[in-house]
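Please read these notes with the model open beside them. They go point by point.

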Amino acid sequence: VAPKPPAQLSRYEAQKRRDWNTFLQYLRNHKPPLTLARCSGAHVIEFLRYLDQFGKTKVHAVGCAFYGQPSPPGPCPCPLRQAWGSLDALIGRLRAAYEESGGAPESNPFAARAVRIYLREVRDSHAKARGIPHEKKKRKRAPQAAEASGSSAGAGAVFDRDVEGSAGV
């Protein structure tokens, strides 16, 4: 029996696969080459810094005349970097791909504390460089109809904590 042709991947799944292959290629090209099993949060951060060279977001340095201005009036020599949102989404996709590839959640280098701290620092530095304070988007509360559809009170309490950030709110 001939194998079935692969189903059309969603845009997210296709991007996740491309990102995963790019990361594996990065590990193969690393000096010395790295295996996925030996990969740590530090290697992930190194990968994110490597990606900065392909970025399109202008991030003004502290000494730049345009530092802290949301819409600078002219060009400057400050570097282009990957946007924080792009890095954050990339890490989310790689985190999922790692676990789908058989990696244990507790050893996932993309979920390492150092990676979360690095992303937070990138977010904050980009916001300061552009003079735009970063504010976390507030999530909308789930419609009340979902609770009435037979979900248990225990599940509702967990859901509220996830949505609002604290239990019982």
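In which helix does R116 lie? R116 lies in helix α4, and the points below start from the overall picture and come back to this residue.

1. Basis of the notes. This is a predicted model, in which local features need pLDDT of at least 70 and side-chain atom pairs count only at pLDDT 80 or more, while totals for chains, interfaces and linings use all residues. Residues are numbered from 1 along each chain as its sequence is written, and side-chain values use heavy atoms, with hydrogens and water left out.

2. Overall layout. The protein has six helices and two strands, in the order α-α-β-β-α-α-α-α along the sequence. Helices (H or I, at least four residues) and strands (E, at least two) are DSSP runs, numbered from the N terminus. Of the 169 residues, 28% count as buried. Buried means under 20% relative accessible area, exposed over 50%, and partly exposed in between (1.4 Å probe, protein chains only).

3. Positive patch. R95, R113, R116 and R120 form a positive surface patch. Helix α4, residues 113–130, gives the most to this patch, with three residues. R116 counts as partly exposed, because its relative accessibility is 43%. A patch is made of residues with over 30% relative accessible area and no salt bridge, with like charges joined within 9 Å and nonpolar side chains (Val, Leu, Ile, Met, Phe, Trp, Tyr) within 5 Å. Areas come from the Shrake-Rupley method with a 1.4 Å probe, and for residues only the protein chains shown count as cover. Lys and Arg count as positive and Asp and Glu as negative, while His and the chain ends are not counted. The place of a charge is NZ of Lys, CZ of Arg, CG of Asp or CD of Glu.

4. The structure holds five salt bridges, each being a side-chain nitrogen of Lys or Arg within 4 Å of a carboxyl oxygen of Asp or Glu. One of them joins K16 to E13, with the closest N and O atoms 3.1 Å apart. Both residues belong to helix α1 (residues 11–29) and are three residues apart, about one turn of the helix. Is K16 buried or exposed? K16 is buried, as its relative accessible area is 3%, whereas E13 is partly exposed at 29%.

5. Salt bridge between separate parts. R81 and D52 also meet through their side chains in a salt bridge, at 3.9 Å from N to O. R81 is in strand β2 (residues 80–81) and D52 in the loop between α2 (41–51) and β1 (57–58), so the pair ties together parts 29 residues apart in sequence. D52 is buried at 11% relative accessible area, and R81 is partly exposed at 31%.

6. Another bridge, and a network. R123 pairs with D124 in a salt bridge whose closest N and O atoms are 3.3 Å apart. Salt bridges that share partners join E13, K16 and E100 into one network.

7. Aromatic rings. There are eleven aromatic pairs. Rings of Phe, Tyr and Trp (its six-membered ring) pair if their centres lie within 6.5 Å; planes under 30 degrees apart count as stacked, over 60 as edge-to-face and the rest as tilted. The W20 and Y98 rings have centres 6.5 Å apart and planes at 70 degrees, so this pair is edge-to-face. The pair links distant parts of the chain, W20 in helix α1 and Y98 in helix α3 (residues 84–100), 78 residues apart. Both W20 and Y98 are buried. One aromatic cluster is formed by W20, F23, Y26, F47, Y50, F54, Y98 and F110.
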